[in-house]
Amino acid sequence: PALAHYTNNTMNNSHEKREKKKHVVVVVLGDIGRSPRMQYHTLSLLEHGHYVTLIGYVGERLIPALEKSSSDDVNTHSSTAAATKKYHQNLRVLRMKPHLPSKLNNITGRLFYYPLRLISLMYCLFYTLWIQLQDRTTISIPVDVILVQNPPSVPTLMLVYLYCVWEGLLGRKRPRFVIDWHNLGFTMFESPTQQTSFLRTIILTSIR
């Protein structure tokens, strides 16, 4: 009886520990490697025993503490893939590569640039959330929380909110939607070769 009681308690404690673990999706509509703020959020969640899916653009390497634990689904450094899986399996990284249309220095070019850029971003994020995130090979538990870096707010906030609603409509667990708000929402439209844009002027004018 004592052994059975001990076994039952051990099983219950193990079940409670599994129940406390959450699956958090961290979304960065930008180069993950250039967002130390969200990387340290990810590291903190991992250190507390949670599962994390980190979503963002291909680009710079992650901080060393995350590189050791990541097994990138889209890995631009395939030669290090074996080494990056030795830490633990609680982190999955989904990297996107949206199309960057050419930007002409005239009104017509800008009118085409922004819609094409927006469509490209929406497609990448939609595919990542609705298709890639559904693959439960690495992390089997459903999504509990989605943490979004803002900016950029367009189209990130809208699509992530729709994803949360969609999961609820399907009868699944609806993820909580958390925004890490620390700036304005115009940066996703910026061109690497041009630091200012008429869109920024519109936004800054509208909030004064």
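Modeller: Before we start, a helix here is a DSSP run of H or I with at least four residues, and a strand is a run of E with at least two, both numbered from the N terminus. On that count the protein has six helices and five strands. This is a predicted model, where local features need pLDDT of at least 70, side-chain atom pairs count only at pLDDT 80 or more, and totals for chains, interfaces and linings use all residues. Residues are numbered from 1 along each chain as its sequence is written, and side-chain values use heavy atoms, with hydrogens and water left out.

Colleague: Fine. What makes β1 and β4 a pair?

Modeller: Two strands pair if DSSP finds at least two bridges between them. β1 (residues 23-31) and β4 (residues 145-150) have four bridges, in the parallel sense, with V24 opposite V145.

Colleague: And why is one side of β3 and of β5 left without a neighbour in the sheet?

Modeller: The five strands make an open, parallel sheet ordered β3-β2-β1-β4-β5. β3 (91-96) and β5 (176-181) stand at its edges with a single partner strand each, so one side of each has no neighbour in the sheet.

Colleague: How do you know that the length of α2 agrees with what it should span?

Modeller: The expected span is 1.5 Å times one less than the number of residues. For the twelve residues of α2 that gives 16 Å, and the end C-alpha atoms are 16 Å apart, so the two agree.

Colleague: Which residues of α2 do you call buried?

Modeller: Buried means under 20% relative accessible area, exposed means over 50%, and partly exposed is in between (1.4 Å probe, protein chains only). In α2, M38, Q39, T42, L43 and L46 qualify as buried.

Colleague: Why do you say they line one face?

Modeller: The arc is taken from the directions between the helix axis and the C-beta atoms. Down the axis of α2, the buried residues fall within 145°, so they line one face of the helix. Their cover includes β1, β2, α3 (64-67), β3, β4 and β5.

Colleague: What makes a set of residues a nonpolar core?

Modeller: Its members are buried Ala, Val, Leu, Ile, Met, Phe, Trp, Tyr and Cys residues, joined through side-chain atoms within 4.5 Å. The largest such core has 21 residues, and V25, V27, I55, M96, L129, I146 and Y163 have the most contacts inside it. Another core lies apart from it, with 16 residues, among them I32, L54, L62 and L91.

Colleague: What does V27 touch?

Modeller: Contact means heavy atoms within 4.5 Å. Leaving out residues up to four places away in sequence, V27 touches M38, I55, L125, I146, L147, V148, Q149 and T156.
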